[in-house]
Amino acid sequence: MMPSTPTVRPIIGLEIHVQLQTRTKMFCGCPVRYDAPPNSCVCAVCLGHPGALPVINRRALEYAVLTGMALNCTIARHTKWDRKSYYYPDLPKNYQISQYDMPLAEHGSFEFDVDGTTKRVRIKRAHLEEDAGKNIHDTPGCTLVDLNRAGTPLLEIVTEPDINSAEEAYVFCVELQRLVTCLGVSEGIMQKGQMRFEPNVNLAIPADGSECRTPIAEIKNLNSFRSVRNAIAYETQRQLAAWQEDPEYVHGRRPNENRGWNDDRGVTEYQRPKEAAHDYRYFPDPDLVPVELTDAMLEATRALMPELPVARRRRLVQQFRLSPKDAETIAEHRPTAELFECVLAAGGPPETVGKQFVNVWLKLANDRGAAVTDLGVSAERMAELAQITTEGIVNKTAANQLAETMLTRPAPPRQIAEELGLIQVQDQAATARWVEQAFAENAQAVRDAMENPKKAKAAAGFLRGQVMKLSGGKADPKLVGDLIEKRLAGG
Amino acid sequence: MAANLDAAAVRHVAHLARLNISDAEVALYAEQLSRVLGYMEQLGELATDGIAPTAHPLPVVNVFRDDVPVEPWDPQRALQNAPQRQGAFFRVPKVLDQDSA
């Protein structure tokens with residue numbers, strides 16, 4: 001992944017565009033819909049007709065403030081809107097409404113864990129703007145334009161260049177998606193272009209006692225986590241090779257450049273020198289009055305702040321002793337994590353609840369392509385299943401079967417277990433009889449278990465399985481194991 | 001103080017505005033735009049010490065709209081002034097070399 005010289009340090013900043021999940025556009029009441037017929041969600045404002053006036057979507061502003069707060073930013077008390085010159089037909093006004101010198105949020109930071117280490121990335125700014133429509137280039141000789149997306153609220157988040165590897169960039173993007181979906185400000189669906197990433201990449205290379213830096217490449221419009229990782233990994237190697245080839249390939253002596261990621265070929269491709277694109281001639285938009293955020297507005301927004309994913313995962317590990325992996329799985333979606341905590345609040349023993357939640361309930365949900373919150377099993381019943389499993393009233397295997405039955409039957413788990421005959425048999429004598437029968441029917445396995453060191457372990461496992469089978473899954477696996485061991489030892 | 005916009009600056013601005021102008025026009029606009037800028041520079045004579053910068057001429061802030069959809073236009077209406085269309089799409093000359101917003 002990394003360049004061969006271990007001391008080469010990639011310097012990576014990210015620009016991320018996040019579509020906010022408002023019902024209407026940023027500056028007009030047109031509905032935001034992904035799959036509507038072309039040009040069916042447009043009006044005078046988002047078509048850029050003369051005289052049409054934009055009005056700020058209050059919800060979009062709240063979402064942006066909430067996200068800025070979650071990113072530990074200073075929220076501007078006074079902010080305004082600027083026009084950024086734009087020359088493509090997917091924004092027909094000839095400018096994009098954005099925020100230039102007074103962004104809504106600045107000077108934040110975002111912390112997350114990479115390979116067990118906490119990484120902190122400073123957030124330079126976050127500001128609101130409007131998305132462009134879609135230019136469709138598949139007809140020869142012309143471009144077709146659909147303006148449904150034009151004017152969709154976008155939050156642009158810009159990091160400081162604090163990221164030092166493709167993997168860190170990857171995890172940052174994954175964690176940012178978790179953050180915005182947890183906040184409920186964006187669905188964060190990559191396939192619908194709701195999050196787009198633009199890494200700025202260059203290298204610091206130690207040379208002749210000092211450090212030289214390669215020109216900065218901005219990789220445009222990546223729309224998957226995988227492409228972020230692959231594009232940065234490729235770009236760091238490319239820059240190192242370019243510098244090794246040409247000692248003048250250094251920041252300040254060669255131009256910064258825009259590059260595009262070619263996913264099929266797995267390479268970044270040169271587009272143009274970056275300077276050429278950068279004279280946007282921003283000026284204040286006279287059609288929009290400034291925003292003054294009052295204490296009351298900020299307090300009201302802050303009250304919406306949920307526990308954030310990174311913090312929740314850490315707490316699940318500390319408070320309930322979940323494995324980091326299980327905590328990550330459970331905290332992936334906010335409703336899932338909230339259900340999990342309801343199961344605990346309903347009295348489920350944490351360790352069993354943790355295991356059953358991941359291995360039973362989430363698995364049942366995945367198999368059905370549903371969310372665990374849509375299984376129709378209440379937190380109380382999940383808690384009861386964990387309780388009777390912990391108490392040994394049913395064993396783990398029976399609990400799986402029981403859980404599946406609970407999807408279709410509203411009765412209490414214990415009652416279902418009784419009806420299905422899944423109550424674990426603690427009876428020594430009965431268990432001993434199943435063991436005896438299993439030994440009688442599987443003489444070869446018994447010999448292997450006693451005499452063949454290579455096969456002993458597998459044979460004992462086979463015998464345990466046979467006993468469980470004879471018991472109809474009702475035997476206590478621990479008791480079965482003990483009895484088999486005793487018998488094999490000649491007891 | 002007279003502003004002086006030279007030919008290179010005019011060409012740069014014309015390029016940014018995607019205007020193709022002749023050498024004669026460059027000379028003409030350099031002279032005209034210099035006069036416009038010079039006129040604007042009179043504002044520099046005002047004493048603005050102690051006056052807070054404003055981004056908007058109106059003493060109004062926080063004009064918001066609730067996030068409630070309104071009926072959008074029918075696509076036929078949206079497209080009716082388009083010089084060219086194809087189905088429900090606006091049709092424009094081929095866009096090359098787009099650098100997204």
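**Strand pairing and the A–B interface**

Reader: Over how many bridges do strand S5 (residues 82-85) of chain A and S6(A) pair in the antiparallel sense?

Author: This is a predicted model, in which local features need pLDDT of at least 70, side-chain atom pairs count only at pLDDT 80 or more, and totals for chains, interfaces and linings use all residues. Residues are numbered from 1 along each chain as written, chains are lettered from A and ligands numbered from 1 in written order, and side-chain values use heavy atoms, without hydrogens and water. Strands are DSSP runs (E, at least two residues, numbered from the N terminus), and two of them pair if DSSP finds at least two bridges between them. Asp82(A) stands opposite Ser98(A) in S6(A), and the number of bridges joining S5(A) and S6(A) is four.

Reader: Why is one side of S6 and of S17 in chain A left without a neighbour in the sheet?

Author: The open antiparallel sheet has the order S6-S5-S17 in chain A. Strands S6 (95-98) and S17 (283-284) of chain A are left without a neighbour on one side because each stands at an edge, with a single partner strand.

Reader: Which side chains meet in a salt bridge between the chains?

Author: The count between chain B and chain A is one salt bridge (a side-chain nitrogen of Lys or Arg within 4 Å of a carboxyl oxygen of Asp or Glu). At 3.1 Å, N to O, its partners are Arg58(A) and Asp66(B).
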